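Let's take a walk through a protein model together. Have a look at the sequence and the structure first, then read on.

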Amino acid sequence: MKRFWKEVSAEPADGGWAIALDGRPVRTPARAPLLVPTETLADAIAEEWRWVGEEVDPRAMPLTGLANAAIDRVAPERQAFADGLATYAQADLACYRSEWPPELVERQRGAWDALLAWARRRYDVDFMTTSGLMHVPQPQATIERLAHAVGALDPFRLAGLSPLVTIGGSLIAGLAVLEKAMSAEEAWTAVSVDERWQLEQWGADAEGQAALENRRRDFLAAARFLQILD
């Protein structure tokens, strides 16, 4: 789509805040009004539209994309979406450790033990960890309590949490960012331990480095989305 507007504004509306292009409200891909819950988020989305060049590039508008997802994808089936995210509690990245080499083992321990310790305190749960890739079942109480925490979230927070969980492979890290127990950069450092280790050992080829940086960009954008919902 080519840019057709000159002015962008964030305006109060029934049910939240709207973004308007030359006075006309923006709609989602499903043609629903793009209404967001906070003025801060509306201003940030409006800024994305202001920076559009001659052509709209959705990759450069992550906050708009997450708001669209919250309205079009999450809200109509909120519980089903929450249930899907909650399944990550059954095989969280932080529970699966390498056996070798010792340097990687220590990096994982340093990054992931703190995540598990926080979740134990916050949700009164426990975790089973293992070395290797064989699945280890988590206690049923852990799965149920984390699912309850995710299921209590509104569509916008679920939309923001989703990339953190799917990109990082860790529900615990996503919840830690959501609850401000860990900064976005700290969480990214934790969930990207293995990839960064591989790049160090085998050399940072351009393709691998670009893929990792793209994941980091999307991860941090989702964290910012959650931050400005408050």
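Predicted model: local features only at pLDDT ≥ 70, side-chain atom pairs only at ≥ 80, totals over all residues.

Here is a short tour, starting with the core and ending with the rings.

If you skip the neighbours within four places in sequence, leucine 175 is in contact with Trp118, Tyr123, Leu146, Val150 and Leu161.

Helix 10 runs over residues 206-227, so to speak 22 residues in a row. From its first C-alpha to its last it reaches 31 Å, close to the 32 Å expected at 1.5 Å a residue. Its buried residues are Leu212, Phe219, Ala221, Ala222, Ala223, Phe225 and Leu226. What covers them? The cover includes helix 1 (39-50), helix 2 (62-74), helix 6, helix 7, helix 8 (184-191) and helix 9 (193-202).

Now try helix 5, which has 12 residues (140-151). The reach here is 16 Å from first C-alpha to last, close to the expected 16 Å. Thr142, Ile143, Leu146, Ala149, Val150 and Gly151 are buried in this helix, and the cover over the buried residues includes helix 3 (78-86), helix 4, helix 6 and helix 7. Leu146 and Val150 of helix 5 are buried, and both are also contacts of leucine 175.

## A buried serine in a loop

Find the loop between helix 6 (155-168) and helix 7 (171-178), and you will find serine 170. Is this serine buried or exposed? Serine 170 has a relative accessibility of 1%, so it counts as buried, since the cut-off for buried is under 20%.

The side chain of serine 170 has a polar partner: it makes a polar contact of 2.9 Å with the side chain of aspartate 92. Leaving out neighbours within four places in sequence, serine 170 is in contact with Asp92, Leu93, Leu115, Leu164, Val165 and Val191.

Proline 101 sits in the loop between strand 5 (96-97) and helix 4.

Aspartate 22 has a phi of about 50 degrees and lies in the loop between strand 2 (16-21) and strand 3 (24-25). With 34% relative accessibility, aspartate 22 counts as partly exposed. Arginine 31 has a phi near 75 degrees, and its place is in the loop between strand 3 and strand 4 (35-36). Arginine 31 is exposed, because its relative accessible area is 56% and exposed means over 50%.

## Rings that pair up

How many aromatic pairs are there? The count comes to five. One is formed by tryptophan 188 and phenylalanine 219, with 5.5 Å from centre to centre and 55 degrees between the planes, which makes it a tilted pair. The two partners come from distant parts of the chain: tryptophan 188 is in helix 8 and phenylalanine 219 in helix 10, 31 residues apart.

Elsewhere, ring pairs link Phe4, Trp5 and Trp49 into a cluster.

Definitions and conventions. Residues numbered from 1 in each chain as written. Heavy atoms only, no water. Contact = heavy atoms within 4.5 Å. Helix = DSSP H or I, 4+ residues; strand = E, 2+ residues; numbered from the N terminus. Buried < 20%, exposed > 50% of the residue type's maximum accessible area, 1.4 Å probe, protein only. Polar contact = N/O pair within 3.5 Å; in protein donor to acceptor, adjacent residues only side chain to side chain. Expected span 1.5 Å × (residues − 1). Phe/Tyr/Trp six-rings, centres within 6.5 Å; stacked < 30°, edge-to-face > 60°.
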